[in-house]
Amino acid sequence: MFFWNVSALKQQLAAGPLPPRAALKYVLAFLVVVSLIVEFGLQYALPATAMDHVAAVANVIILVFGTLLAYAANGGDPGMDFLGRYVALSWVLGIRVFVGMVALLAVALAYFEATAPGSTDGPGPFDTISAIIAVLANGILYWRLAVHIRQVASTAPDDSSTR
């Protein structure tokens, strides 16, 4: 895995496709860095609670283990087209999970505003519930991703010339 030497990486890529394990390392590294920037970067822009910190760490852990689970579900090293399956299925499942998460957050917001008007204006119970919903949604996303990748991998033709 290269961290700085783009010329050597280009030579490796020009010689042929990355082996699945090498591609996994790059996608995991990229996702972890982006996730850390997003998860912890937002905490500097907004007032963060202890629950926000716990949720941020949980989301990064779920991302790492969820991606490894999806890789294993695809068959590991001999599996076919992990990145294509991972990205395409993540996109569709991500939209579905996002819609479900927004619906749950809307219900929670309506409940808190109905029972304690103004309670959602600052840190409080709604923030805790929101963080829990987001972490659960992330976990559900990776669980379903692994299920769907396993289903695709088990029905895909076994043609070693396309690996």
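Colleague: What are the length and reach of helix α4?
Modeller: Helix α4 covers residues 82-115, which is 34 residues, and it reaches 47 Å from its first C-alpha to its last. That is close to the 50 Å expected at 1.5 Å a residue (the expected span is 1.5 Å times one less than the number of residues). Helices here are DSSP runs of H or I with at least four residues, numbered from the N terminus.

Colleague: Where does all this come from?
Modeller: It's a predicted model, where local features need pLDDT of at least 70 and side-chain atom pairs count only at pLDDT 80 or more, while totals for chains, interfaces and linings use all residues. Residues are numbered from 1 along each chain as its sequence is written, and side-chain values use heavy atoms, leaving out hydrogens and water.

Colleague: OK, back to α4. Which of its residues are buried?
Modeller: Phe82, Arg85, Tyr86, Ser90, Leu93, Val97, Met101, Ala108 and Phe112. Buried means under 20% relative accessible area, exposed means over 50%, and partly exposed is in between, with a 1.4 Å probe and protein chains only.

Colleague: And what does Tyr86 touch?
Modeller: Leaving aside neighbours within four places in sequence, tyrosine 86 is in contact with Leu31, Thr67, Ala70, Tyr142, Leu145 and Ile149. Contact is heavy atoms within 4.5 Å.

Colleague: Which residues have the most contacts inside the largest nonpolar core?
Modeller: Leu24, Ala70, Phe82, Tyr86, Tyr142, Leu145 and Ile149, in a core of 24 residues. The elements giving two or more residues to this core are α2 (20-45), α3, α4 and α5. The largest share, nine residues, comes from α5. A nonpolar core means buried Ala, Val, Leu, Ile, Met, Phe, Trp, Tyr and Cys residues joined through side-chain atoms within 4.5 Å.

Colleague: Tell me about α5, then. How many residues does it have?
Modeller: α5 has 31 residues and reaches 45 Å from first C-alpha to last, close to the 45 Å expected at 1.5 Å a residue. Its buried residues include Phe126, Leu141, Tyr142, Leu145, Ala146 and Ile149. The buried residues of α5 pack against α3 and α4.

Colleague: How do α3 and α5 sit, parallel or antiparallel?
Modeller: The axes of α3 (residues 50-73) and α5 (residues 125-155) come within 9 Å and cross at roughly 5 degrees, so the two helices are roughly parallel to each other. By class, their contact has 17 nonpolar, six polar and one charged residues. The axes are lines fitted to C-alpha atoms over the stretch in contact, with angles from 0 to 180 degrees between N-to-C directions. Under 35 degrees counts as roughly parallel, over 145 as roughly antiparallel, 65 to 115 as roughly perpendicular and the rest as oblique. For the classes, Ala, Val, Leu, Ile, Met, Phe, Trp, Tyr, Cys and Pro are nonpolar, Asp, Glu, Lys and Arg are charged, and the others, Gly among them, are polar.

Colleague: What is alanine 146 in contact with?
Modeller: Leu69, Ala70 and Ala73, leaving aside neighbours within four places in sequence. Alanine 146 is in α5 and counts as buried because its relative accessibility is 3%. Alanine 146 and alanine 73 are 73 residues apart in sequence but 5.7 Å apart in space, C-alpha to C-alpha.

Colleague: Switching to loops: where is aspartate 81?
Modeller: Aspartate 81 is in the loop between α3 and α4. Aspartate 81 has a positive phi of about 50 degrees although it is not a glycine.

Colleague: Buried or exposed?
Modeller: Aspartate 81 is exposed, because its relative accessible area is 52%.
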